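Please look over the model below. My notes follow as numbered points.

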Amino acid sequence: MAELSVGISVYKNNNPKFLLNSLKSVTWGQKYKPSKLIIVIDGKISSELESLINTFVDKSTIKTLILKNKTNKGLTYSLNKMISACETKYFARMDADDISLDLRFQKQVDFLNKNPNIDILGSRAIDIDENG
């Protein structure tokens, strides 16, 4: 059974460099690979962001679903859209400027599998800036 989908909402103000690092951390850096990446484009975005997403998807080995909101609907709407498209047991969300450490998904899936009474799981965050 496919266990994990990861969702990211992309908005016009997102920095392409940060989005690229975020996408890389989900797909290339993980010990536990998600089975699906769900990207919601929330309204009109720059051609640079759109090109980055398309190039990344073409190179990715993870099944990727791109959903689009014709106009900016906001994060809550976009999250609900991602969850509706999720076909896996677990769903993890990230902002377009987040970076997931290489054991994040492995630790979270292991914990949830061992604790079936847990519905929502968070983790520690480390603040970073454009220099890492």
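1. H4 gives the largest share of the lining of the largest pocket, six residues. Helices (H or I, at least four residues) and strands (E, at least two) are DSSP runs, numbered from the N terminus. Helix H1 (16–27), E4 and H4 each supply at least two lining residues.

2. This is a predicted model, where local features need pLDDT of at least 70 and side-chain atom pairs pLDDT 80 or more, while totals for chains, interfaces and linings use all residues. Residues are numbered from 1 along each chain as its sequence is written, and side-chain values use heavy atoms, with hydrogens and water left out.

3. The largest pocket has a volume of about 1,300 Å³. A pocket is an open set of points on a 1 Å grid over the protein atoms alone, where a 1.4 Å probe fits, with protein on both sides within 12 Å along at least five of seven lines; lining residues have an atom within 4 Å of a point. Volume is the space filled by probe spheres set on the points, which are joined across faces, edges and corners.

4. The lining counts 39 residues, and Ile99, Ser100, Arg104, Ser123 and Arg124 lie nearest the pocket centre. By class, 19 are nonpolar, seven polar and 13 charged. Here Ala, Val, Leu, Ile, Met, Phe, Trp, Tyr, Cys and Pro count as nonpolar, Asp, Glu, Lys and Arg as charged, and the others, Gly among them, as polar.

5. Now the sheet. Four strands form an open sheet with parallel pairing, in the order E3-E2-E1-E4. Pairing requires at least two DSSP bridges between two strands. E3 and strand E4 (90–94) are the edges, each pairing on one side only. Neighbouring strands are turned by 20° against each other on average, direction ignored. Axes are lines fitted to C-alpha atoms, for helices over the stretch in contact; angles run from 0 to 180 degrees between N-to-C directions.

6. Strand E1 (residues 4–10) runs parallel to E2, joined by six bridges. Ser5 has Lys36 in E2 as its bridge partner. Helix H4 (residues 104–114) packs on the sheet, touching E1 and E4 (contact: heavy atoms within 4.5 Å). The direction of H4 makes about 145° with that of E4.

7. Seven bridges pair strand E2 (residues 36–42) with strand E3 (residues 63–69), again in the parallel sense. Leu37 stands opposite Thr64 in E3. From E2 the chain crosses through helix H2 (residues 47–59) to E3, a right-handed β-α-β crossover. Right-handed means that, with the strands pointing away from the viewer, the path from the first strand over the helix to the second runs clockwise.

8. Where does Cys86 sit? In the loop between helix H3 (75–85) and E4. Cys86 touches Ser5, Ile38 and Phe91, not counting residues up to four places away in sequence.
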